[in-house]
Amino acid sequence: MKKSIEDKGKTATPALKNEVAGKAQIPEVRRREVTNRLRYICLLFLCALILPALKAQNVPETKKTYWNDKTLLISYRIPPAPPGYKPVYIDLDADGDPDVLRTITSGGIPVQWIDDDDDMNYEDTEGDTDNDCLMIDRNRDGVYGGYDDLIIDWVGEDENGNPAMQVVVDNVPESKKMSGSSGHYMWVIDTDRDNIFNYIDWHKFQLRCWIHDGTSGFYEDYHGKSAFLKIHGTPDRMNDVRMNWENPFLFYDPDNDGLTEMAIRFCDTPGRRTENGQVNAHLTGNIDWVSLSFDMDNDNAPGNEFDLDMTIHFKGKGFGYTDQKHVNKNLRGLPEADTFFLDPRWRQLPELLYPGHDAAWNLVFQHGEWDNVWFVYDEDDDCNRWERVELYQPLEPFKAGARNGGVDNNPQADPAGDRGEWDEDNSGKGQLYISPMDGKIHLYGAEWGIWRIDQNAYYYQGMGNLYDGYGPARMEKEPAVFPTVKYSDTDDNGFFDLMEFDLDGDTLFEQRISLRELGLDDRCPVIRTSSMKYEDFVTLQSGVAENMWKNAQEALKVARAKKINTSWYTLMMHPLSGRQKYHSGFWLQFYIYNDLKDLATGNGDENLSRQIDRAWLQGRWELLEAGK
């Protein structure tokens, strides 16, 4: 039996190595299908020989299970075998020590460990999590790496200091081969060396990488400096397992506090093809989708681990990444164990292909070819997602609801509270500017934008989305009405010059204010995003908040001089953070602006009304002081 397994492993290796080495960029699908089926049949035969021996073992009859089997507490570890259960050991390479350990969980699920670093002993009851592979026979069919099984493989840091990794292969039932987006193939790269990887729900043996404590304390390693690669699919349905769909998701920790201040998501959008009875994903080796997300005020902290405020998104032809190679000498698993896997190519890899932390920014701005750029700012500051502030889409301003055709069409988007802007021809190259019109950061080159106001974050976004019933799913109900501000660039020079307001939620813009109609220049300095570092974004946001608050103080002086009772707005006059200066500073000015407009209209003073518009749109309240 040992010789049979060993021989089959060695026989399968050369052809598969040729695929990995790139001698055939698009593998011969039929040959691979036949090879996989033969391998799978051999594996079933081997398991049929071994399974009776397992069943014949003397498992003590006991009602005692692992203490955390039936509780509602978090499952941090795989449940161990029942007391007295004796594992089965297999020596694949005939070197006198075991290479495979087969056992069961306390609930009776068969599992096997492959010892990839050759440190297993006959006294061990389980493998280790530094360089071993755990295979879970979820459907109890006697096959550990087949359909409907779960595999977790740990790859230790190698002697060259290349970071440790963990890969999860979440195989689907054979009946779901035609569902191209089911299952998981996910690598986690431990670039901050904290030894935190993926989270598995060991009660259900399912990958649950979005579970979190509180608002955003994720069990998955999204915190600090980290990275992962992921596709909703499985290796046997991929053309090149060195690549991935989210390839990668990068997390940055520039202040080394263990929290994430910036996240970059790269996507290689695969083509889906029906081939030989299954839907396969064909990755291109090209990144065509990027999002850059920032905690602009760096106010994340324990209990508020993720507080991203702004996202810039690029989409188009993008850039190629096949030259972005990441090597770890421990990637190659034990060759003699290849026959255990439905598709062992991911166990034979010499490298992974993805843009790394250091190369990412330059690849986006210096090598990317983009068709359009989108922008979103979390105005109500309620996003605790690990991914990004989810993008608003250039759709209907007043339609609300997931997949309902409005700007919040994306189910992960905040139904109200964010500001989206869209540069559909990439004329602005992802650059920014601060408009005097409202004192906020805007996307240079955007043709238009929408701000759905959720002034007190009533429709709290939090994590949003559905996540397989683990929730929460957005809010219990969408807002029926909401105030809306529309921004437009009417002279097509890259800067907004018109603001329109629907403050009563009737979908009609009852108020408008135009820089052009007032004879004011809408142009202002352009901020070159491509040359910025994270610290520059924090400085930018700090300057915006401080200037917003400074202008609010000037507005208060003017209002008091005009005999307007500003004590009604005392709640906004005592900000305790940069975020509150930004938020309260804008709203103080807006309320005072409209109170002053009411005053001018009541007195029939059109000249004063025009002066009020000019003062607000330029951020120059001193123009309204006595004698000016």
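Helices (H or I, at least four residues) and strands (E, at least two) are DSSP runs, numbered from the N terminus. A contact means heavy atoms within 4.5 Å. The model is predicted, so that local features need pLDDT of at least 70 and side-chain atom pairs count only at pLDDT 80 or more, while totals for chains, interfaces and linings use all residues. Residues are numbered from 1 along each chain as its sequence is written, and side-chain values use heavy atoms, with hydrogens and water left out.

Two strands pair if DSSP finds at least two bridges between them. Strand 23 (residues 432-434) pairs with strand 29 in the antiparallel sense over 2 bridges, and Tyr433 stands opposite Val526 in strand 29. Strands of a sheet pair through backbone hydrogen bonds, either parallel or antiparallel.

The protein as a whole has 6 helices and 29 strands. Of its 628 residues, 59% count as buried, where buried means under 20% relative accessible area, exposed over 50%, and partly exposed in between (1.4 Å probe, protein chains only). Among contacts in the protein with a separation of 6 or more, 65% are between residues 24 or more positions apart.

The interior may be considered next. A nonpolar core is a set of buried Ala, Val, Leu, Ile, Met, Phe, Trp, Tyr and Cys residues joined through side-chain atoms within 4.5 Å. The largest such core has 111 residues, of which Tyr185, Trp187, Ile264, Met310, Leu432 and Trp616 touch the most other members. Helix 4 supplies the largest share of this core, 12 residues. Apart from it lies another core, of 46 residues, among them Ile109, Trp202, Tyr222 and Trp289. In soluble globular proteins, nonpolar side chains tend to be buried together.

Residues up to four places away in sequence aside, Ile264 touches Pro248, Phe249, Leu250, Tyr252, Val290, Ser291, Leu292, Ala360 and Trp361. Ala360 and Trp361 are among the buried residues of helix 3 (residues 357-367), together with His357, Leu363, Val364 and Phe365. The buried residues of helix 3 pack against strand 12 (226-231), strand 13, strand 14 (262-267), strand 17, strand 18 and helix 4.

Pro248, another residue touched by Ile264, is placed in strand 13 (residues 246-252). A cis peptide bond, with omega about 0 degrees, joins Asn247 and Pro248. Most residues other than glycine have a negative phi, and most peptide bonds are trans.

Positive phi values occur at several residues. Asn298 has a phi near 50 degrees and is placed in the loop between strand 17 (286-294) and strand 18 (310-320). With 27% relative accessibility, Asn298 counts as partly exposed. Lys563 has a phi near 65 degrees and lies in the loop between helix 4 and helix 5 (578-602). Lys563 counts as exposed, at 75% relative accessibility. Asn276 has a positive phi of about 50 degrees in the turn of a hairpin, where 2 residues separate strand 15 and strand 16. Strand 15 (residues 271-275) and strand 16 (residues 278-282) pair in the antiparallel sense over 5 bridges, with Gly271 opposite His282.

A polar atom of the side chain of Gln166 lies 3.1 Å from the backbone nitrogen of Asn198. Leaving aside neighbours within four places in sequence, Gln166 is in contact with residues including Ile152, Trp154, Trp187 and Asn198.

Finally, the cysteines: a search of the whole structure finds 0 disulfides, a disulfide being a pair of cysteine sulfur atoms within 2.5 Å. Cys267 is buried, with a relative accessible area of 2%, and Cys524 also counts as buried, at 15% relative accessibility.

Definitions and conventions. A polar contact is a pair of N or O atoms within 3.5 Å; within protein, one must be able to donate a hydrogen and the other to accept it, and residues adjacent in sequence count only if both atoms are side-chain atoms.
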